[in-house]
Amino acid sequence: MSNDSSQSPPDRRPLIAFAWLWVGAPLVYGLYELVQKATQLFTG
Amino acid sequence: MSPPVAPAGWSRWLVPPAALSVHLSIGQAYAWSVFKPPLESSLGLSGTQSALPFQLAIVMLGLSAAFGGTFVERNGPRWAMTVALICFSSGFLISALGAATEQYWLIVLGYGFVGGIGLGIGYISPVSTLIKWFPDRPGMATGIAIMGFGGGALIASPWSTQMLESFGSDSSGIAKAFLVHGLVYAVFMSLGVLLVRVPRSEKPVEGAPSAFQGPQVSARGAVRTPQFWCLWVVLCMNVTAGIGILEKAAPMITDFFADTSTPVSVSAAAGFVALLSAANMAGRIGWSSTSDLIGRKNIYRVYLGVGAVMYALIALFGDSSKPLFILCALVILSFYGGGFATIPAYLKDLFGAYQVGAIHGRLLTAWSLAGVLGPLIVNWIADRQEDAGKHGSALYGLSFVIMIGLLVVGFVANELVRPVDARHHIPAPREETADVERQQPESA
């Protein structure tokens, strides 16, 4: 019989965090630039 | 290539970032305008000529999504994302060669033709997989991915601008910028290729319905149903109405308030365009997620019905109130984005998850037509009105009436959507899924 603990799936949370950071970081940069430009509607 | 099956314990929350890595990249297409002025000055091109790579890319997007959808379904998302990565990045590399040697046709071929294939295959690559992973929230899942396409331009526009400032706007600088784009996007998209997996079973989530619940229709069968063509009209009308504003947003807001005590400056108009982009993106995730709660038909009633009311408000009172004009335009653009993002889930409701990616690809031909129709209507009418001596908001009144008419046509088409007739259903739609646990059926 195989050992139960050896079959437990690996913890994916670090990979999930990395993957979301990978796509999230440039998106935050884009949104920051967008907000900077959008404020010109009220200040320009 | 067989679809990559998720190992036991694979999280479905790894699939949206995989999809986003592709959509955020290919969304760069909407930031092409950054390259237009330097190309025109360094290669001596006209505005029409410098738009050619973008226009060809959008045509190729529609064609490759329509004709490549079946291959995407057959070979799986990793194959599709790999093709998208190779084509999109190669497009930039070929363009870099074109700029370095001052051979403009290479830029058209690279960015427009080769890169355009990457756009189409990349756009549809994660749709079917996301729907299978999120059978309980297909609208939200596809909304996240398709939001990425809107977000891609937000990233690329300032990034490309800064790169051209660093490298210079001559042909050598443009070549370097294209080269960096090709390499960086290849690395960025590789996350999607590496992470994407199809679920092991039809029920990747405990307690959620199967994505294959209900009738299943093949892509070939779907285009023979009136439902497909009703949705084609719905998408075409919704996109046309949105592009009608998006295309001329900056001159439109300037013209509307030119004769008032509070005219809109050039920088304020640029801010308005940026705000519309935000509404477009927010609508993709917001409205598409809402459709999971209130239903697909109802959300399109909102897009098309309330959209028509918004256009009517702009036409009647827009020039008397700037906040009202801005608010209505933002709502219309959020519906424009929402319409794009919700359509895969609507297709899944009607035709099942079996070949939803391929069906979605075929439906995107509506986008190609709308991309021509929307700007054509607004620009042509504005030019004619100007020739007739009109100015200000009067340039757009007739366009808005036409947009309201188009939205009503879309509304009626949505009302005509009924469940697909049983003669179009296929009996055993399982051979192309990675259903490795099907041999151990769960109790219903």
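Author: A residue is buried if 20 or more other C-beta atoms, placed from the backbone, lie within 10 Å of its own, exposed if 12 or fewer do, and partly exposed in between. This is a predicted model, in which local features need pLDDT of at least 70, side-chain atom pairs count only at pLDDT 80 or more, and totals for chains, interfaces and linings use all residues. Residues are numbered from 1 along each chain as its sequence is written, while chains are lettered from A and ligands numbered from 1 in the order in which they are written.

Reader: Why is α7(B) called largely enclosed by the rest of the structure?

Author: Of the 30 residues of α7(B), 22 are buried, so the helix is largely enclosed. A helix here is a DSSP run (H or I, at least four residues), numbered from the N terminus.

Reader: Where is the kink in α7(B) centred?

Author: The kink, of about 35 degrees, is centred on B:G150. The bend at a residue is the angle between axes fitted to the seven residues ending there and the seven starting there.

Reader: What makes up the contact between chain A and chain B?

Author: Chain A gives 22 residues and chain B gives 25 residues; two residues are in contact if their C-beta atoms, placed from the backbone, lie within 7 Å. On the side of chain A that touches chain B, α2(A) supplies the largest share, 15 residues.

Terms used:
Helix = DSSP H or I, 4+ residues; strand = E, 2+ residues; numbered from the N terminus.
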